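This report looks at a set of strands, a ligand site and a loop residue in turn. The sequence and structure come first.

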Amino acid sequence: MADEDELDRLLDKLTLRAKVRLLTGATTWRTAAEPDLELGELVLSDGPAGVRGESWDERRTSVLLPSASALAATWDEQLVGELGGLLASEARRKGVDVVLAPNLNLHRTPLAGRHFECFSEDPLLAGRIGAALIRGIQAHGVAATAKHFVANDAETDRLTVDARIDERTLREVHLAPFEAAVAAGVRLVMAGYNRVNNTTMTAHALLTTPLKSEWGFDGVVVSDWGAVRSTRDTARAGLDLQMPGPADEWGERLVRAVASGEVEEAAVDDKVRRLLRLAAWAGALGRPRRRVRPHLPPRQARALARRAVAAGAVLLANRGVLPLDRTRLNTVAVIGAAAARTRTQGGGSAGVFPQDEVSLLDGIRAGLRGRARVVHLPGPAPDGPPPPLDPVTGSDPRTSTPGVLLRVLDADGTELYAEHRNSGRQLEPPLPPGAHTVEISARLHPFGRLSLHLDGDPLLEGEFAPTTDDPAVLHVSPPTHTVTARLTAGRTPLLVARRELAAGTGRATVVGVQPPGPGRAQALAAAARAAREADAAVVVVGTGEQHEAEGRDRTHLTLGPGQDALVRAVARANPRTVAVVNSGGPVELPWRDDVGALLLAWFPGQEAGGGLADVLLGRTEPGGRLPTTWPARLADAPVTRTRPDAGRLPYDEGIHVGHRGWLRARRTPAYWFGHGLGYTTWAYDALSGPAHTTVGEDVTVRVRLRNTGPRPGREVVQVYLSRPGTGSVDRPERWLAGWTAVRAQPGETAVAQVRIPARALSHWDVHRGGWRTEPGPYRVLAGRSAGELPLTLCFLAREEA
Ligand code: BGC
């Protein structure tokens, strides 16, 4: 690795133009190389659920992990670090140097479209889990990226929205996870699309202070894709690298801005030095690049991904139904469309084509093979657009091979390119010169027992104007149009979908089919019958493709009348019903008190079925604890607004984010932040700690607890602080200050030693522009969630003598 003097020597070799050339990407995913410096390209690729690599191609698959919300639900930095290692291994396999993860924005409102991609509502949990992932990725020489700096917590008007946040809230809440990331040594920080207090983030003073000055960040600030919209302001601010390229906001314009004195050359030098430092760290500078091999063999990677599913699954309620006893089961009814087509990831730029997807149904079947009969009923057809064509639903009309035929045509309809593909979702079709239209065609396979009919007439024709100019949204989730047609059993009608490549409409073309189901009443009756005849029922419900995706926020949290009715019907038919919720963030569960058990699966990644079956069948206990407070109804949530008013989105809740806001509003959620059950029970016996501390020092407290249940278990012991009496500053009613997990055998006692960092006692003093701890009494509360804290003690923080 080059030292700083060496970086300066390299910098001296470059002309201004050569330096500036390095500061804009060479392609969508690569930085520019400079042979004179023996500087290679750096390849960047999205995370955090998997590393896609440079192309959106269904044949280049990736290991898909559970969503970030599920990773935070583990409250397990060791495991998250291992998963970071898995991402690094995937990055190596795909020739990637920089993973664009983690996403450290917060669960400010449950409606946020990228909720699933963020860790938590709590800055401490998001910061610690994020730092663990960063360390895990970077331990293998692959760089991580903390994004999106800062306050990019919702999607509505995300390219322009102006988040209005007071200084103290920024420091204590929204910047805090980024500060933790920098302390963990993160190599890149991504500046978001949004504005904060009237300045767009790629030109914001926060990139310098606190990021580079106070926190000492010596890595690269990269723009979110397409977020650079000016030359001078972004170049003067702390932004170092414009992505993607080619782009011309910097380039020649920046050369001219330096020549005219608008931007100092020293600013350009600092950016290039940072880029060279990153390249040196990543092994892309000064010697022929050695290809580092992935360190995790595929089997081990899959086993780890499966372990993560169980570790993040949150058991919200259990009325003696779980775990299912395999020795006592003859028949299990597995119900719901999401059981057979488990949704493994949220939508947007973080999406990958998974290696394989084990549905919950397949997982349960494998777990019960040779022991019990598994009956599956899909229930009412899910709402929303149909899933893309795949080798099961279509075949290539030319070769009859399962899949689709992709063709690219010129303006006269002449074929320029054709190939066989596996998916009706084509995000980056090859575009030879003259490309005008993308065509996807397939012979539809008849759908099992259904009688279908198609007459060959055109189904849909017209102009489809894009509904947004957000390039990322157009790329991954183009606007959808649906049409219903009748097919005839036994025939394989030819479906041809064409889309003209009009300017500004992106490249993605997606074609899917959804077989008709029986009517809702009939589907519910069949599901209830199957549940009644079974020893236990597992009913799976969740959000569809149209919900929980980058680029748009949700407008409601309901699962829809069909799915709610399905759970109710199944639960009525069989008291031994487990409801499994397949979503990346909160949804309303109006039937939650009527089911035997309620398990939150999140978007579990490719090993969904195996990991969830491990939990349901008791091979492992559910390890998850809520990283975000779960509302009973959207209307109860303290922050629901995502739509800016005249471009502005006020963060009026200030420091009272998440459970802090619920406590302040004196509202009770369905489930508190931190809540989650294992398969044993615990008694919290005693809390001990010092009676006095000195301001500026960490405090350690001890919690003694006992495993009072029948099984060995792991318990996440959480410690919160409050400030009794009247301090001179507004504080949350209580706030998370630390946690640690313990394990114990039945009957055994364990002691959790929880460190409360000095920072947890302090607040950001806007007058002095620094952290300050008020001397005086602090109360420690210990327990298993923000709403269940049976043990307390007080200590006095004293000024240094
Ligand atoms: C997203 C980023 C992502 C980038 C590259 C943007 O639209 O906001 O999270 O890293 O695209 O795909």
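In strand S32, Arg 798 is the bridge partner of Thr 694. S32 (residues 791-798) and S24 run parallel and are joined by three bridges; strands here are DSSP runs (E, at least two residues) and helices are DSSP runs (H or I, at least four residues), numbered from the N terminus, and two strands pair if DSSP finds at least two bridges between them.

Both strands belong to an open sheet of five strands with mixed pairing, in the order S24-S32-S31-S26-S27. Strand S24 (692-694) and strand S27 (735-744) stand at the edges with a single partner strand each, so one side of each is left without a neighbour in the sheet. From one strand to the next the twist averages 30°, taken between N-to-C directions of lines fitted to C-alpha atoms, on a scale from 0 to 180 degrees.

## Basis of the model

This is a predicted model, in which local features need pLDDT of at least 70 and side-chain atom pairs count only at pLDDT 80 or more, while totals for chains, interfaces and linings use all residues. Residues are numbered from 1 along each chain as its sequence is written, and side-chain values use heavy atoms, with hydrogens and water left out.

## The pairing of S5 and S8

Strand S5 (residues 188-191) pairs with S8 in the parallel sense over four bridges, and Val 189 stands opposite Val 221 in S8. In a regular strand the side chains alternate between the two faces of the sheet. Along S8 (residues 220-223), Val 220 and Val 222 point one way and Val 221 and Ser 223 the other way, and all are buried (under 20% relative accessible area; exposed is over 50% and partly exposed in between, with a 1.4 Å probe and protein chains only).

## The ligand site

Oxygen atoms of the ligand lie 2.8 Å from an N or O atom in the side chain of Arg 114, 2.9 Å from a polar side-chain atom of Lys 147 and 2.7 Å from a polar side-chain atom of His 148. The protein covers 97% of the 310 Å² of accessible area that the ligand has on its own, by the Shrake-Rupley method with a 1.4 Å probe.

## An exposed loop residue

Asp 412 is found in the loop between strand S13 (404-409) and strand S14 (415-421), and counts as exposed because its relative accessibility is 71%.

Notes:
Polar contact = N/O pair within 3.5 Å; in protein donor to acceptor, adjacent residues only side chain to side chain.
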